[in-house]
Amino acid sequence: MIIKIILWVNLSLLLLHEMDAVRTMEWKMMAVINRIDDSIASCIFIGLHFVLFIIIFYLLEYHFSVLYWIISIFPLLHQLLHIFFRKHPANRMNNIFSRGIITLMTLSGSAGIVTGIICNY
């Protein structure tokens with residue numbers, strides 16, 4: 001049961017972060033899409049997340065353990081991206097709320113990795 005709870009927390013934090021990414025126009029830091037008008041770029045950014053969420057729901061149903069490890073490891077890599085882009089001129093995620101979500105994602109992802117190893121999952 002702890003494995004499921006950790007996955008639910010990690011997924012919830014990911015969804016929260018992605019909502020915040022839309023709010024803060026995270027696409028302005030991404031190559032190619034940052035050159036497009038914001039009204040179109042936001043639609044592309046949100047549309048790509050639709051595809052991402054369909055993949056997540058598919059994995060949740062048919063490949064739970066694969067999703068568990070992806071969602072546990074991803075926040076660590078994502079944290080590195082945010083560290084790398086922290087000085088980017090279009091970075092609007094340098095506030096307590098956004099940084100808090102990203103930090104919680106990293107902590108929860110780390111807990112998922114440790115728990116997965118301990119539980120031999």
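This is a predicted model: local features need pLDDT of at least 70, side-chain atom pairs count only at pLDDT 80 or more; totals for chains, interfaces and linings use all residues.
Local features need pLDDT of at least 70, side-chain atom pairs count only at pLDDT 80 or more, and totals for chains, interfaces and linings use all residues. Residues are numbered from 1 along each chain as its sequence is written, and side-chain values use heavy atoms, without hydrogens or water.

**View A. Helix H1 and its packing.** H1 covers residues 2-23; helices are DSSP runs (H or I, at least four residues), numbered from the N terminus. Its 22 residues reach 31 Å from first to last C-alpha, close to the 32 Å expected (1.5 Å times one less than the number of residues). Its buried residues (under 20% relative accessible area, 1.4 Å probe, protein chains only) include Ile3, Leu7, Leu14 and His17. The buried residues pack against helices H2 (38-62), H3 (64-84) and H4 (96-118), where contact means heavy atoms within 4.5 Å. Just after H1, Met25 takes a positive phi of about 55°.

View B. Asp20 and Arg23 meet in a salt bridge at 2.5 Å, N to O (a side-chain nitrogen of Lys or Arg within 4 Å of a carboxyl oxygen of Asp or Glu). Both lie in H1, three residues apart, about one turn of the helix. Asp20 is buried, at 2% relative accessibility.

View C. Asp38 pairs with Lys28, their closest N and O atoms 2.8 Å apart.

Technical notes
Helices (H or I, at least four residues) and strands (E, at least two) are DSSP runs, numbered from the N terminus. Buried means under 20% relative accessible area, exposed over 50%, partly exposed in between (1.4 Å probe, protein chains only).
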